[in-house]
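The following exercises are to be worked with the sequence and the structure in view. Each task is followed by a solution in steps.

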Amino acid sequence: TRIPAQWNIWSIVANSQTACSNGTNIYSDWSKPYGFCEKVDGEFKVIPKILAIQSFQILGFIFILFATCAGCSVRYSRSSGVFFAATLTFVAMVSTLASFSLMATTMWYQDLRSSKGTYLPVFSGDGRLYAMPVHSWNYGAAFGLVIVCWVWTLFAFRYYIYLGRLINDELDERSAKFEAETTDNETSASKFYDVVEKQDVVQS
């Protein structure tokens with residue numbers, strides 16, 4: 001069943017002023033059982049798990065953005081910038097994983113996917129909310145996007161670690177080569193001065 005989009009943010013449900021109303025089946029079948037309303041005509045509140053899902057998703061996006069910026073600073077920060085980007089990417093990975101875990105364990109989301117079914121808040125023609133029965137829903141685009149973000153951050157984290165080690169190895173190789181060249185130059189200069197001193201002794 002495909003339902004035309006009616007709301008995509010929780011404030012629309014809260015501002016409807018009918019989410020906790022007993023005028024339809026919305027309170028008895030959806031708002032009260034899932035903890036959105038404590039009493040009839042009371043205040044609609046988004047449950048803590050859904051707020052946590054939103055928070056983790058926002059944090060994941062922020063850390064991905066910062067990790068991208070840190071990864072682009074490799075020209076100036078060398079490996080330290082890459083390892084910092086890896087740390088930020090790891091935090092983003094944990095955030096997306098926590099978001100999906102909460103999605104998978106929230107009771108309403110579980111009931112949406114179960115065969116026994118649950119209810120979905122939809123608007124009627126007069127603008128009131130009522131609970132429409134649904135069952136056996138699949139993971140939607142939001143769930144899929146969270147999984148894609150987690151996989152992307154996992155690969156990005158591993159790549160940043162590999163790149164940081166590669167940069168360190170290259171810098172160590174350059175440093176060793178520079179020290180070897182410096183030692184050779186000092187040795188050559190020392191031999192030159194020894195020859196000059198011997199010539200001065202012979203001439204004197």
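**Exercise 1.** Where is S16 found? Determine also whether S16 is buried or exposed.

*Solution.* The model is a predicted one.
Step 1. S16 is found in the loop between α1 and α2.
Step 2. The relative accessible area of S16 is 16%. Buried means under 20%, so S16 is buried.
Step 3. Once the neighbours within four places in sequence are left aside, S16 is in contact with F123 and L129.

**Exercise 2.** Describe strand β1 and its pairing with β2.

*Solution.*
Step 1. Strand β1 comprises residues 118-123, and five of its six residues are buried; β1 is therefore largely enclosed by the rest of the structure.
Step 2. β1 and β2 run antiparallel and are joined by six bridges.
Step 3. Within this pairing, L120 stands opposite M132 in β2.
Step 4. The hairpin of β1 and β2 has five residues between the strands, and there G127 takes a positive phi near 90°.

**Exercise 3.** Examine Q17 and S136, two residues other than glycine that have a positive phi. Where is each placed, and how accessible is each?

*Solution.*
Step 1. As background, most residues other than glycine have a negative phi.
Step 2. Q17 has a phi near 65°, a positive value. Q17 is found in the loop between α1 (10-15) and α2 (26-31).
Step 3. With a relative accessible area of 66%, Q17 is exposed, since exposed means over 50%.
Step 4. S136 has a phi near 55°, likewise positive. S136 lies in the loop between β2 (129-134) and α7.
Step 5. The relative accessibility of S136 is 38%, and S136 therefore counts as partly exposed.

**Exercise 4.** How many disulfides are there, and which cysteines form a disulfide? Determine its handedness.

*Solution.*
Step 1. A disulfide is a covalent bond between the sulfur atoms of two cysteines. The cut-off applied here is a pair of sulfur atoms within 2.5 Å.
Step 2. By this rule there is one disulfide. The sulfur atoms of C20 and C37 are 1.8 Å apart, and these two cysteines form a disulfide.
Step 3. The torsion about the S-S bond of C20 and C37 is about -75°, so the disulfide is left-handed.
Step 4. The pair links distant parts of the chain: C20 belongs to the loop between α1 and α2, C37 to the loop between α2 and α3, and the two are 17 residues apart.
Step 5. Both C20 and C37 are buried.

**Exercise 5.** Characterise the second largest pocket: what is its volume, which helices supply its lining, and what is the lining's make-up by class?

*Solution.*
Step 1. The second largest pocket holds about 210 Å³ of space.
Step 2. Its lining residues are F56, Q57, G60, F61, I64, T96, S99, A142, L145, V146 and C149.
Step 3. At least two lining residues come from each of α3 (48-71), α5 (79-105) and α7 (141-203). The largest share, five residues, is supplied by α3.
Step 4. Sorted by class, the lining has seven nonpolar and four polar residues, and no charged residues.
Step 5. C149, one of the lining residues, has a relative accessible area of 25% and is therefore partly exposed.

Note on methods:
Residues are numbered from 1 along each chain as its sequence is written. This is a predicted model: local features need pLDDT of at least 70, side-chain atom pairs count only at pLDDT 80 or more; totals for chains, interfaces and linings use all residues. Side-chain values use heavy atoms; hydrogens and water are left out. On a 1 Å grid over the protein atoms alone, a cavity is a set of points where a 1.4 Å probe fits but cannot get out, and a pocket is an open set with protein on both sides within 12 Å along at least five of seven lines; lining residues have an atom within 4 Å of a point. Grid points are joined across faces, edges and corners, and a volume is the space filled by probe spheres set on the points. Helices (H or I, at least four residues) and strands (E, at least two) are DSSP runs, numbered from the N terminus. Ala, Val, Leu, Ile, Met, Phe, Trp, Tyr, Cys and Pro count as nonpolar, Asp, Glu, Lys and Arg as charged, and the others, Gly among them, as polar. Buried means under 20% relative accessible area, exposed over 50%, partly exposed in between (1.4 Å probe, protein chains only). Contact means heavy atoms within 4.5 Å. Two strands pair if DSSP finds at least two bridges between them.
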